[in-house]
Amino acid sequence: MGAWFSENGLLVGLAALDGLSYAAAVFMVAVGLNLVFGVLRVLNIAHGSLYAIGGYSAASLGLFMTSRGLPEWLAYPALVVAAALVGALLGPPIERLLLRRMQDHEPVLQLLVTFALFMILEDLQKLIWGVQPVVSDAPVRLLGTVDIPFGADVIPFNAYQLYVLPGIALLTLVGLAWFLRRTLAGRMIVAVTTDREAARAMGIDAAKVTLLTFTAGAALAALGGALASPTVSLVPGVGAQTIVLSFAVVATAGLGQIEGAAIAALLIGLGRSFAVYLEPELEVVIPYVIMLAVLLVRPQGLFGVAETRRI
């Protein structure tokens, strides 16, 4: 064991750091997906397209500012601005015109409709940004690298991936937990999630709560894409990869679980990263092996609660 670790120690360290960064990006999408499901009870496949559009928008805004000779540090607020714009411009129309009409229909029909929307948005991305990779790495270049001691060795690691991605994911988790438990608006969301009919009877405007929640979920997905955009080449299909992993995180955590999504994202992110560094041929299957292992023991997910259906 000691010989193996001395030979593969650096790979283990890099895998842990990469897994943390990857988990943070996936969590941003999964938590938005979980939040939306909690209120609408709709698994929105098009959520992955919002991630991709957020990434493309952030990269395009960063490249535009660079071409105008603006200071490179503006690339950081541009990430948040791009995500907010995507959430505000796409969230309300999708919820009002499509998902609101699907709430009382069968889950299979809901999945088919959101899948159709996903395909439309994928083609829209190709129409606007083409099929060539889009890259804007200014936020990564500005922060440079950090030397991290690991045993007798030192690992140079990207400071953006080490501090910014996990830091914003942690702030999002803490902020959402505080918002849902400590504010009136958050308690209204929880009330609608728990029992929509009772919430309406208490005078809560469930339609407005649903609209605001979906817009926030769309903005979180777009923010995940915006934060990941400086570290990856954006190409067609990036949204499909992300939504599949996000579904794995949501299923592993349990539907509607916010804190559970963070732990599940960490498990799946680390598992995938260790597979990439140590057993590359297992990279594709490891996230789903983790999900399957959890669901075999707890079909409702790690933190999910079995619910009785109302008849």
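Angles under 35 degrees between two axes count as roughly parallel, over 145 as roughly antiparallel, 65 to 115 as roughly perpendicular and the rest as oblique. The axes are lines fitted to C-alpha atoms, for helices over the stretch in contact, and the angles run from 0 to 180 degrees between N-to-C directions. Helices (H or I, at least four residues) and strands (E, at least two) are DSSP runs, numbered from the N terminus.

The model is predicted, so local features need pLDDT of at least 70 and side-chain atom pairs count only at pLDDT 80 or more, while totals for chains, interfaces and linings use all residues. Residues are numbered from 1 along each chain as its sequence is written, and side-chain values use heavy atoms, with hydrogens and water left out.

Begin with α6 and helix α9 (residues 206–228), which pack at an angle of about 165 degrees with their axes 11 Å apart. α6 and α9 are therefore roughly antiparallel to each other. In contact (heavy atoms within 4.5 Å) are Tyr160, Leu165, Ile168, Thr172 and Leu176 of α6 and Leu220, Leu223, Ala226, Leu227 and Ala228 of α9. Of these residues, 9 are nonpolar, 1 is polar and none is charged. Here Ala, Val, Leu, Ile, Met, Phe, Trp, Tyr, Cys and Pro count as nonpolar, Asp, Glu, Lys and Arg as charged, and the others, Gly among them, as polar.

Helix α9 also packs against helix α7 (residues 184–194), at an angle of about 105 degrees and with axes 10 Å apart. That makes α7 roughly perpendicular to α9. Met188, Ile189 and Val192 of α7 meet Ala206, Val209 and Thr213 of α9.

Another pair is helix α2 (residues 47–67) and helix α4 (residues 107–129), whose axes lie 10 Å apart at an angle of about 15 degrees. α2 and α4 are therefore roughly parallel to each other. On the α2 side the contact includes Tyr56, and on the α4 side it includes Trp129. The residues of this contact divide into 6 nonpolar, 4 polar and 1 charged.

The largest share of the lining, 6 residues, comes from α1. By class, the lining has 15 nonpolar, 9 polar and 3 charged residues.
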